[in-house]
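Here's a quick tour for anyone meeting this structure for the first time. Take a look at the sequence and the model, and then we'll walk through a few of the features together.

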Amino acid sequence: MEIMNTRGTALMDEDMELPGEASMGNVPTYRKYTIGIDEAARYYGIGTKKLRQIIADNPSGDFFLEIGRHVLIKRRQFEAYLDNASAL
């Protein structure tokens, strides 16, 4: 079954809002490609210092992106890193 928006075009699954999502344009963390250190700390329950230490200990890691002084964590790649880690 196709769901149409107000302009008459079909909505894709990724366009549909899930229950509990804010309609103010806020993208939920689980849908973001990258997240900042503070958001990652809240999302994963890991402290910001520990996250920065993990990044410093893995300078060639593919789970983060440095833009100037800012560090963004690639959510899916970081989750794969966590899945393979036995201790942090």
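Before we start, one term: two parts are in contact when heavy atoms of theirs come within 4.5 Å of each other. Angles between elements are taken between their N-to-C directions, along axes that are lines fitted to C-alpha atoms. Also keep in mind that this is a predicted model.

**The sheet and the helix across it**

Let's begin with the strands. There is an open sheet of 3 strands here, in the order S1-S3-S2, and the pairing is antiparallel. Strand S1 (34-36) and strand S2 (64-67) sit at the edges with a single partner strand each, so one side of each has no neighbour in the sheet. From one strand to the next, the twist averages 35°.

How many bridges join S2 to strand S3? There are 4 of them, and S3 covers residues 70-74. Within this part of the sheet, Leu65 stands opposite Leu72 in S3.

Now for the helix: H1 (residues 37-44) lies across S1 and S3, and runs at about 100° to S1.

**Two salt bridges**

The structure holds 2 salt bridges. Here they are side by side:

| Glu39 | Lys32 | 3.1 Å |

Is Glu39 buried or exposed? Glu39 is buried, with a relative accessible area of 17%, while Lys32 is partly exposed at 25%.

One more residue is worth a look. Thr29 lies in the segment before S1, and Thr29 is buried, at 17% relative accessible area, because buried means under 20%.

Which residues does Thr29 touch, leaving out those up to four places away in sequence? They are Ile35, Glu39, Tyr43 and Arg75. With Glu39, the side chain of Thr29 also makes a polar contact of 2.6 Å.

Definitions and conventions. Residues are numbered from 1 along each chain as its sequence is written. This is a predicted model: local features need pLDDT of at least 70, side-chain atom pairs count only at pLDDT 80 or more; totals for chains, interfaces and linings use all residues. Side-chain values use heavy atoms; hydrogens and water are left out. A salt bridge is a side-chain nitrogen of Lys or Arg within 4 Å of a carboxyl oxygen of Asp or Glu. Buried means under 20% relative accessible area, exposed over 50%, partly exposed in between (1.4 Å probe, protein chains only). Two strands pair if DSSP finds at least two bridges between them. Helices (H or I, at least four residues) and strands (E, at least two) are DSSP runs, numbered from the N terminus. Axes are lines fitted to C-alpha atoms, for helices over the stretch in contact, and angles run from 0 to 180 degrees between N-to-C directions. A polar contact is a pair of N or O atoms within 3.5 Å; within protein, one must be able to donate a hydrogen and the other to accept it, and residues adjacent in sequence count only if both atoms are side-chain atoms.
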